[in-house]
Amino acid sequence: VTDTYNSKYTPTYTENRYFFIEDCDLFGQSNDLFYSRYIVQPDYAFKLTGSSQNVSFAFLSAKDKLVEERTVDDSITTVETITPDDFYNIFTVKPVWNKFRCQFTLLNRMNEDYHNEVLHANPILEIGKNRYLWAELNGSTKEKNDKSKEGFHAKCGYSAYSRNHMLTFAL
């Protein structure tokens, strides 16, 4: 047992709810971009996954339940939102063409007064046996109370694998 109250950093927990871990490899996302534990008490959740030889896809949509705590002190009622009733959506498609594959993922979280979107792209080109050129591209936007923020992140690299070794260079 670990006391996580008043921690400087929010703890992360491994997802163990079957709905969220079944076929989760098709989404291809780390907790940095999509952390399903933020969906605490879903009112509903819908997931659709599929794959063929040349493409795989996954779609998940969930709406969290609004959880509020009401306290009355000297006839003044205070309402604190514990969990907002946010909508979460994630859509991933991974086409494959010969020695080139690419993952495109769109993530979305929204409510009445805000919405966030992240577009993630991860192209990979096989240039030889167990040798790859790759890139990771992320673009995000957040709008809250008529204020907008945007951000971008990119890195690229080369990776090579052998039976006993792995070599990766990244910029």
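This report walks through the sheet, the nonpolar residues and the salt bridges of the structure above.

The model is predicted, so to speak of a local feature takes pLDDT of at least 70 and a side-chain atom pair counts only at pLDDT 80 or more, while totals for chains, interfaces and linings use all residues. Residues are numbered from 1 along each chain as its sequence is written, and side-chain values use heavy atoms, with hydrogens and water left out.

## The sheet

Let's start with the strands, which are DSSP runs of E with at least two residues, numbered from the N terminus (helices are runs of H or I with at least four). Eight of them make an open sheet: the order of the 8 strands is β1-β2-β5-β6-β7-β8-β9-β10, with antiparallel pairing. Two strands count as paired if DSSP finds at least two bridges between them. At the edges sit β1 and β10 (166–170), each pairing on one side only. On average, neighbouring strands of this sheet are turned by 10° against each other, direction ignored; the axes behind such angles are lines fitted to C-alpha atoms (for helices over the stretch in contact), and angles run from 0 to 180 degrees between N-to-C directions.

| Strand pair | Bridges |
|---|---|
| β2 and β5 | 9 bridges |
| β6 and β7 | 12 bridges |
| β7 and β8 (residues 131–144) | 12 bridges |
| β8 and β9 (residues 147–161) | 14 bridges |
| β9 and β10 | 5 bridges |

Ser56 has Lys94 in β5 as its bridge partner. Thr105 stands opposite His120 in β7, and Ile124 stands opposite Trp134 in β8. Further along, Arg131 is the bridge partner of Ala160 in β9, and Tyr158 has Phe169 in β10 as its partner.

A hairpin through 2 residues joins β6 to β7. The hairpin of β7 and β8 also has 2 residues between the strands, and there Asn130 takes a positive phi near 60°. Between β8 and β9 the hairpin again has 2 residues, with Asn145 in the turn at a positive phi of about 50°. From β9 to β10 the hairpin goes through 4 residues.

## Nonpolar residues, inside and out

In soluble globular proteins, nonpolar side chains tend to be buried together. Which residues make up the largest nonpolar core here? That core has 11 residues in all: Phe20, Phe27, Phe34, Ile39, Ala58, Leu60, Ala62, Tyr88, Ile90, Leu107 and Val118. A nonpolar core is a set of buried Ala, Val, Leu, Ile, Met, Phe, Trp, Tyr and Cys residues joined through side-chain atoms within 4.5 Å. Buried means under 20% relative accessible area, exposed over 50%, and partly exposed in between (1.4 Å probe, protein chains only). The elements giving two or more residues to this core are β2 and β5, and β2 gives the most, with 3 residues.

There's a nonpolar patch on the surface as well, formed by Tyr44, Phe46, Leu48, Phe57, Phe91, Leu106 and Leu119, with about 630 Å² of accessible area together. Patch residues have over 30% relative accessible area and no salt bridge; nonpolar side chains (Val, Leu, Ile, Met, Phe, Trp, Tyr) are joined within 5 Å, like charges within 9 Å. The areas come from the Shrake-Rupley method with a 1.4 Å probe, and for residues only the protein chains shown count as cover. Strand β1 (residues 42–51) gives the most to the patch, with 3 residues, while Leu119 has its place in strand β7 (residues 114–128).

## Salt bridges

A salt bridge here is a side-chain nitrogen of Lys or Arg within 4 Å of a carboxyl oxygen of Asp or Glu. By this rule the count is 4 salt bridges.

Take Asp85 and Lys63: their closest N and O atoms are 3.9 Å apart. Asp85 lies in the loop between β4 (76–83) and β5 (87–97) and Lys63 in strand β2 (residues 55–64), so the pair ties together parts that are 22 residues apart in sequence. Asp85 is partly exposed at 22% relative accessible area, whereas Lys63 is buried at 19%. Asp43 joins in too: Asp43, Lys63 and Asp85 are linked in a network of salt bridges.

Is Asp86 buried or exposed? Asp86 is buried, with a relative accessible area of 0%, and Arg109 is partly exposed at 26%.

Finally, Glu68 and Arg70 form a salt bridge with their closest N and O atoms 3.3 Å apart. Glu68 is partly exposed at 35% relative accessible area, and Arg70 is exposed at 57%.
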